[in-house]
Amino acid sequence: MAKNGRLLLTGGSGMVGRNILEHPLSAEWDIVAPTSRELDLTDANAVNEYVAEVQPDLVVHAAGQVGGIQANMAHPVAFLERNTSMGRNIIMASYQSGVQKFLNLASTCMYPRAAPNPLSEDMILTGELEPTNEGYALAKIMATRLCQYIGREDEAAQYKTLIPCNLFGRHDKFDPKHSHLLPAIIHKVHLAKTNGEDTVEIWGDGTARREFMYAGDLADAVLKASGDIDNLPDLMNTGLGHDFSINEYYQTVADVIGWKGDFVHDLSKPVGMKQKLCATDRQSAWGWSAPTTLHDAIQRTYDFYLNEATK
Ligand SMILES: NC(=O)c1ccc[n+]([C@@H]2O[C@H](COP(=O)([O-])OP(=O)(O)OC[C@H]3O[C@@H](n4cnc5c(N)ncnc54)[C@H](OP(=O)(O)O)[C@@H]3O)[C@@H](O)[C@H]2O)c1
């Protein structure tokens with residue numbers, strides 16, 4: 001198959017990056033994906049030299065210092081400073097080396113904490129951020145705006161940003177200390193089945209709603225956007241456009257794993273916000289929707305958990 005050109009992928013060893021590398025459409029590109037050891041994105045000189053040497057046709061920026069609430073609250077300086085530095089260095093090195101196509105990955109933490117659902121792209125910078133990950137969000141906003149300003153100053157430069165909703169999938173982290181909701185549910189229900197337990201506890205009443213997309217679907221969107229960057233909006237949510245209750249996530253995981261026990265709700269535990277859902281109008285107008293059903297996405301993630309993650 002004809003190659004589209006050379007693609008420099010940052011964060012190739014992370015969950016998002018690995019899903020991009022194993023997607024069939026990645027074969028259309030000659031992909032260069034340095035690890036942080038091979039290229040530390042916080043080192044501006046090294047990034048300038050690397051990009052000038054590699055001369056990519058397109059850069060996909062999927063690297064970042066990523067962590068949960070506790071890590072964000074414990075290390076706000078690192079989350080703000082390192083992510084700002086990585087974003088600034090790779091965007092400016094690319095622009096100054098004459099790279100005309102750049103795809104930046106942001107996050108829904110950029111939305112104001114009180115923004116109404118569904119979250120639409122023009123709500124960014126209209127209100128206060130969630131304080132627990134403010135530094136990380138500010139860094140993402142800086143990179144996003146930098147890409148938009150470059151596009152505004154230079155019509156030939158296609159510097160675009162995708163804002164993915166929450167993700168889960170292959171290459172996720174399943175250790176309960178670091179895992180997000182879906183891998184944590186998979187691990188919990190798997191243990192209940194293995195240990196012959198009849199009940200699994202859910203915090204709260206389980207009616208809070210969350211939007212989780214399969215990471216393989218984000219990879220699909222990223223690679224389609226890479227091949228069609230001229231038609232992509234400068235800023236676009238990448239999500240399902242619908243959500244599921246916590247109870248529905250637990251039940252689907254139980255169906256996939258084949259565990260037949262009961263869920264018990266601990267109403268004394270915190271549940272967080274009632275809903276967080278992305279608007280997908282721009283995504284629909286661009287012509288993409290997430291192809292994998294929740295059941296299939298959980299099945300593939302569970303297969304990964306059983307066959308690869310626990311080895
Ligand atoms: N996961 C989600 O639910 C989610 C949702 C929305 C948006 N996103 C965005 O997607 C991107 C990737 O997330 P992820 O879940 O794949 O994170 P991840 O699994 O933690 O991977 C982070 C990646 O960043 C690289 N990295 C970290 N510091 C670096 C440095 N100084 N220089 C070069 N590379 C560095 C790591 O490389 P090494 O392993 O080599 O150190 C790793 O490849 C992030 O921007 C994140 O905000 C993720």
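Predicted model: local features only at pLDDT ≥ 70, side-chain atom pairs only at ≥ 80, totals over all residues.
**Figure 1. Residues lining the second largest pocket.** Sorted by class, its lining comprises 5 charged, 4 polar and 3 nonpolar residues. Two helices, α1 (15–22) and α7 (215–227), each contribute at least two residues to the lining. The greatest contribution comes from α7, with 3 residues.

**Figure 2. The open sheet of 6 strands.** The strands follow the order β2-β1-β3-β4-β5-β10 and pair in parallel. At the edges stand β2 (30–32) and β10 (235–238), each of which pairs on one side only. On average, neighbouring strands of the sheet are turned by 20° against each other, direction ignored. Strands of a sheet pair through backbone hydrogen bonds, in either a parallel or an antiparallel manner.

**Figure 3. Pairing of β1 with β2.** Strand β1 (residues 6–10) is joined to β2 by 3 bridges, and the two strands run parallel. Within this pairing, Arg6 has Asp30 of β2 as its bridge partner.

**Figure 4. Helices α5 and α7 on the sheet.** Helix α7 packs on the sheet and touches β1, β3 (58–61), β4, β5 and β10. The direction of α7 makes about 160° with that of β4. Helix α5 (residues 134–153) lies across β4 (101–105), β5 (158–164) and β10. The angle at which α5 runs to β4 is about 155°.

**Figure 5. Strand β5 and its pairing with β4.** Strands β4 and β5 pair in the parallel sense over 5 bridges. Asn104 has Thr161 of β5 as its bridge partner. Strand β5 is mostly covered, with 7 of its 7 residues buried. Gln158, Lys160, Leu162 and Pro164 point one way from the strand, whereas Tyr159, Thr161 and Ile163 point the other way. The residues of both groups are all buried.

Figure 6. Thr301 belongs to helix α10 (residues 294–309). Thr301 counts as buried because its relative accessibility is 1%, and buried means under 20%. Leaving aside residues up to four places away in sequence, Thr301 touches Phe168, Gly169, Arg170, Phe174, Ile186 and Tyr214.

Methods
Residues numbered from 1 in each chain as written. Heavy atoms only, no water. Helix = DSSP H or I, 4+ residues; strand = E, 2+ residues; numbered from the N terminus. Nonpolar A, V, L, I, M, F, W, Y, C, P; charged D, E, K, R; others polar. Pairing = 2+ DSSP bridges. Axes fitted to C-alpha atoms, helices over the stretch in contact; angles between N-to-C directions. Contact = heavy atoms within 4.5 Å. Buried < 20%, exposed > 50% of the residue type's maximum accessible area, 1.4 Å probe, protein only.
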